[in-house]
Amino acid sequence: MIPVHSRKRQYNDGSPNQHVKRQRVESFHSDEVSPSFESPPLNQPRRPPSQRVVSGTSCGTTSDMGHYSSLSAHKLDHVPKSPETPNDLQLYANDKVSAQMVELFEACRQQLSDLYRKETFRAQLQKDIQSLYPDARLYLTGSTMSGLGCRSSDADLCLVLRLRKTYDKAINVLSALLKLLRTLAYVDRVLLIRATVPILRFKEKGSNLEFDLNVNNTVGIRNTFLLKSYTHADIRIRPLMLVIKKWARHCEINDASKGTLSSYTLALMALNYLQIVRPPVLPSLQRDHPSCFHPSLDLDMIPNGSQSVPSYKSKNKSSLGDLFLGFLKYYASTFRWDSEIISVREATTLPKNAFPSWKSKFISVEEPFEKHNVARAVYEKDKFDTIKEKFAESYKILNEKKDLNSLLPLGTIIHKEQTGC
Ligand code: ATP
Ligand code: MG
């Protein structure tokens, strides 16, 4: 069982709206996946457009959500292409480590076929759940949708439904779903995990594809869109994040259920480094485009795809390898764990002493919407020390050897991703 200091948490303002929602896929180039959230019309009247402009980019109108595109193959031909191409990435890969990072990224990133499989499963499951909860809607979140997914990534699902009196707790809904899912032929090994954010964990029958389903933890839908927007702001983010995740997993510091860092925490740590490095690789998207990321934005108003958020033109031209080395060095020697809070929302660090409740935390990483500590799983001193040691040790090795293989068994990782074993 996952301890209470788990990677997900209870969310309590789930307010499903009248519009049924689906998700669609954009493709950068032939096999690349960058899914986006989108509201379909689905025989429901659209609400009148109500342009919300706080400042910066205007987002979150039903009218600017774009047309609905299903996941059927023929539709993908008409999907807008992103300027990103492998050639663009080569601009940042002129040294050995960077070239190895591109190779790892190309071999491990989630493929369009992986996304189709998850989406097909989601759509079928939503239908089955609607036999119990007619207004329920199921959203794919996490790395599947943010652009940070690997071939082996699990699929995170958020079930959004109006909680009635008799079903007033997520845990009760999950208990009812547990029974339902155990009757479904395409679902296997269903477990109820009573964590801070309780989830159902299950697999697709006959495969290793794993799903984590929560109820009304809708902050995950908002922050998945935020991460996705950051991955679109600069072409280097996805390969860098993928390598960071593989590195952390290899070092055994990427598992919140074992007291180390969740992938989401690592992603925020990496983004914050990229905001702080000079010149910055990334801005604060929440500060520059508040209307796109307003925490109370209706779920169906969350913008359709990254084109709503303009890409950021950074003056920082560092290679992928230099950014990875810089990330390791920053957390090995510059960042002050005892006195700083990582804030992607502010694109800086905040002083811990201004926030008394954060003082006792080993690692402080602010959730960009709800502002809680996403690194609360790290509550044991020895785990915290191991994390810091891994940063210091890895920086030293990579700086000396200038070869990613000195940190990660690239061949083994690539083989594992491609064969699934
Ligand atoms: P992986 O590919 O390893 O599964 P991931 O990007 O899906 O990585 P997870 O740590 O599994 O990352 O988290 C999945 C999603 O759950 C995140 O993208 C985020 O939306 C949400 N999430 C996770 N932890 C928190 C948290 N503490 N607070 C709010 N949302 C969270
Ligand atoms: Mg995940």
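Modeller: W247 is in contact (heavy atoms within 4.5 Å) with I253, F324, F327, L328, K390, F391, S394, L407 and L408, its neighbours within four places in sequence being left aside. This is a predicted model, in which local features need pLDDT of at least 70, side-chain atom pairs count only at pLDDT 80 or more, and totals for chains, interfaces and linings use all residues. Side-chain values use heavy atoms, without hydrogens and water, and residues are numbered from 1 along each chain as its sequence is written.

W247 belongs to the largest nonpolar core, a set of 82 residues in which W247, F324, F327 and Y331 touch the most other members. Such a core is a set of buried Ala, Val, Leu, Ile, Met, Phe, Trp, Tyr and Cys residues joined through side-chain atoms within 4.5 Å; buried means under 20% relative accessible area, exposed over 50%, and partly exposed in between, with a 1.4 Å probe and protein chains only. Among the elements that each supply at least two residues of this core are α8 (237–250), α11 (320–334) and α12 (381–401). Helices (H or I, at least four residues) and strands (E, at least two) are DSSP runs, numbered from the N terminus. Apart from this core lies another, of 31 residues, including M145, A155, V173 and L177.

As for the whole protein, it has 13 helices and nine strands, and buried residues make up 59% of its 421 residues. Among its contacts between residues at least 6 apart in sequence, 69% join residues at least 24 apart.

How values were computed. Chains are lettered from A and ligands numbered from 1 in the order in which they are written.
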